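Subject: Structure handover

Hello,

Here is the structure for you to look over. Please open it first, then read the notes below.

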Amino acid sequence: MIIKKAEYIISGTKALHIPDLKVPEFVFMGRSNVGKSSLLNAITNRKNLAYTSSKPGKTITLNFYNVNDEILLVDVPGYGYAQRLVHDRLNYGKMIEDYLEKSKYLKVCFLVVDSRHVPTEDDCLMYKYLQSFDYKIVVIATKIDKISKNELNKNINVIRKKLEMTQEDLLIPVSSEKKIGVEKIHLLLESYLN
Ligand code: GTP
Ligand code: MG
């Protein structure tokens, strides 16, 4: 996939804020600080399109990005951020639910997890929750540049088991830093273009 154009369109907290581009839409869910925004930058081949930070809680709204006028990428705040206030956590749940229920062009929910760690209870809950919708779910295990090949193979099995993934369920190992696995995501995105 050649990225000719990648631009921020709008941020919002409700499904009604989704830009009406009528193109396939892809969303990146996952724990705070896991690397969702970095992944979006790697996919679009831009350094600072989506805001990233070493501190969790950087992304606080749904952020919509137009790629090539062909697809819409959606960056969302991470969950499991302990410092977040209780009422913010409730709002987070409502925001995600509203978005997932009402999005018309959403094709794939990417669940981004850290390749170094066993998925948290929040990850498991989110994976189950996503399964209650009709979207395709693809797990991305990121930050693979931080571990060895052996560890990665071991961890992939652990992640698959913990999330109760089946043989058919897709897991893509990725490093946004080293641009590993990004091509696989491009191919997947392209498969939704006609
Ligand atoms: P929130 O917006 O808070 O939910 O976080 P996020 O999931 O968007 O994470 P973000 O992309 O901001 O990345 C968090 C930190 O992880 C940053 O310091 C990134 O540089 C680092 N990071 C992300 N992806 C990778 C990766 O593939 N490899 C390495 N080594 N670091 C990464
Ligand atoms: Mg972010």
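Predicted model: local features only at pLDDT ≥ 70, side-chain atom pairs only at ≥ 80, totals over all residues.

A definition first: buried means under 20% relative accessible area, exposed means over 50%, and partly exposed is in between (1.4 Å probe, protein chains only). By that rule Val-23 is buried, because its relative accessible area is 11%. Val-23 sits in the loop between strand E1 (6-12) and strand E2 (25-30). Helices (H or I, at least four residues) and strands (E, at least two) are DSSP runs, numbered from the N terminus.

Residues are numbered from 1 along each chain as its sequence is written, chains are lettered from A and ligands numbered from 1 in the order in which they are written, and side-chain values use heavy atoms, with hydrogens and water left out.

The metal site

Ser-37 (OG) and Thr-59 (OG1) coordinate the magnesium ion (ligand 2), at 2.1 Å. These two come from distant parts of the chain, 22 residues apart: Ser-37 belongs to helix H1 (residues 36-44), Thr-59 to the loop between H1 and strand E3 (62-67). Donors are N, O and S atoms within 2.8 Å of the metal (3.2 Å for Na, K and Ca); water is not among the atoms, so sites may look incomplete. Ser-37 counts as buried because its relative accessibility is 7%. Thr-59 is buried too, at 9%.

Ligand 1

Ligand 1 has 23 residues around it; Lys-36, Ser-38, Gly-57, Thr-59 and Asp-145 come nearest. Near means that a heavy atom of the residue lies within 4 Å. H1 gives the largest share of this shell, three residues.

- Ser-32, from an N or O atom of its side chain: 3.0 Å.
- Val-34, from a polar backbone atom: 3.3 Å.
- Gly-78, from a polar backbone atom: 3.1 Å.

The protein covers 89% of the 650 Å² of accessible area that ligand 1 has on its own. Those areas come from the Shrake-Rupley method with a 1.4 Å probe; for residues, only the protein chains shown count as cover.

Helix H1

H1 is largely enclosed by the rest of the structure, because eight of its nine residues are buried. Among them are Lys-36, Leu-39, Leu-40 and Ile-43. Asn-45 follows H1 and has a positive phi, near 60°. What separates the C-alpha atoms of Ala-42 and Glu-177? The gap is 7.7 Å, although the two are 135 residues apart along the chain. Glu-177 lies in the loop between strand E7 (170-173) and helix H5 (182-190). Glu-177 is exposed, because its relative accessible area is 64%.

Other side-chain contacts

A polar contact is a pair of N or O atoms within 3.5 Å; within protein, one must be able to donate a hydrogen and the other to accept it, and residues adjacent in sequence count only if both atoms are side-chain atoms. Asn-63, in strand E3, is buried at 10%. Its side chain makes a 2.6 Å polar contact with that of Ser-11. Ser-103 is in the loop between helix H2 (86-102) and strand E5 (106-114), and is buried at 8%.

Best wishes
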